[in-house]
Amino acid sequence: MAISAIPLTIALANGTPVALYSFDNSTVSGATLTDLSGHNRHGTISGATTGVSGKFGEGFAFDGTNDVVEAALPALGNQFTIAVWVKNPVIGPDTRNDYL
C-alpha cells in the first residue's frame, strides 16, 4: 500500500492544521518526515520505503506488517479531519478506483 505525495493533513474542526506531511522525498531527512504545518511535529519513519511513485509526485510504500510513521500529536478532541491519498494495489487494474 502506498501513500501518495498529496499531503496528509490533520486539522481541527475549525480548519487549524495540527500537522501536514507531504510524503515527498524532499521532506525526508534520514528517518525523519518533516511536518510542513510549522508546528514541528516531525514524524519518525520505520520500515516504510520512500520515494515511491504516487498519484501526484512521490509517496511512501508500507508493507502492511510493521512499516509506520510515528509523530507526537496533541489531543485532538472528538472533532478533527484527516485527509490523505492511499493507493491499494489489491483493488485491481482499473486505475480510476485504486486510490482511496
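Which residue in strand 6 is the bridge partner of threonine 32? I looked it up and found threonine 44.

**Ground rules**

I am working on a predicted model, where local features need pLDDT of at least 70, side-chain atom pairs count only at pLDDT 80 or more, and totals for chains, interfaces and linings use all residues. I number residues from 1 along each chain as its sequence is written, and side-chain values use heavy atoms, with hydrogens and water left out.

I take strands as DSSP runs of E, at least two residues, numbered from the N terminus. I call two strands paired if DSSP finds at least two bridges between them.

I traced an open sheet of 4 strands in the order 4-5-6-9, with antiparallel pairing. Its edge strands are strand 4 (28-29) and strand 9 (68-70), and each pairs on one side only. I then checked strand 5 (residues 32-33) against strand 6 (residues 43-46): 2 bridges join them, and they run antiparallel.

I traced another open sheet, of 3 strands, in the order 3-2-10 and with antiparallel pairing. Here strand 3 (17-21) and strand 10 (80-83) are the edge strands, each pairing on one side only. I read an average twist of 5° from one strand to the next, with axes as lines fitted to C-alpha atoms and angles running from 0 to 180 degrees between N-to-C directions. Strand 2 (residues 8-12) and strand 3 run antiparallel, joined by 4 bridges. I picked out threonine 9, whose bridge partner in strand 3 is leucine 20.

**Entry: the hairpin**

I moved to strand 7 (residues 49-53) and strand 8 (residues 58-61), which are antiparallel and joined by 4 bridges. Valine 52 has glycine 59 as its bridge partner in strand 8. Serine 53 has glutamate 58 there. The hairpin has 4 residues between the strands, and glycine 57 takes a positive phi near 75°.

**Entry: serine 37**

I found serine 37 in the loop between strand 5 and strand 6. Its side chain makes a polar contact of 2.9 Å with the side chain of aspartate 35. For this term I need a pair of N or O atoms within 3.5 Å; within protein, one must be able to donate a hydrogen and the other to accept it, and residues adjacent in sequence count only if both atoms are side-chain atoms. The serine 37 side chain also reaches the backbone nitrogen of histidine 39 at 3.2 Å. Leaving out residues up to four places away in sequence, serine 37 touches Pro17, Val18, Ala19 and Leu20 (heavy atoms within 4.5 Å).

**Entry: the largest pocket**

I looked up the largest pocket and got about 160 Å³ of space. A pocket here is an open set of points on a 1 Å grid over the protein atoms alone, where a 1.4 Å probe fits, with protein on both sides within 12 Å along at least five of seven lines; lining residues have an atom within 4 Å of a point. Of the 12 lining residues, the closest to the centre are Leu8, Tyr21, Phe23, Val69 and Glu70. Strand 9 gives the largest share of the lining, 3 residues. Strand 2 and strand 9 each supply at least two.

Terms used
Grid points are joined across faces, edges and corners, and a volume is the space filled by probe spheres set on the points.
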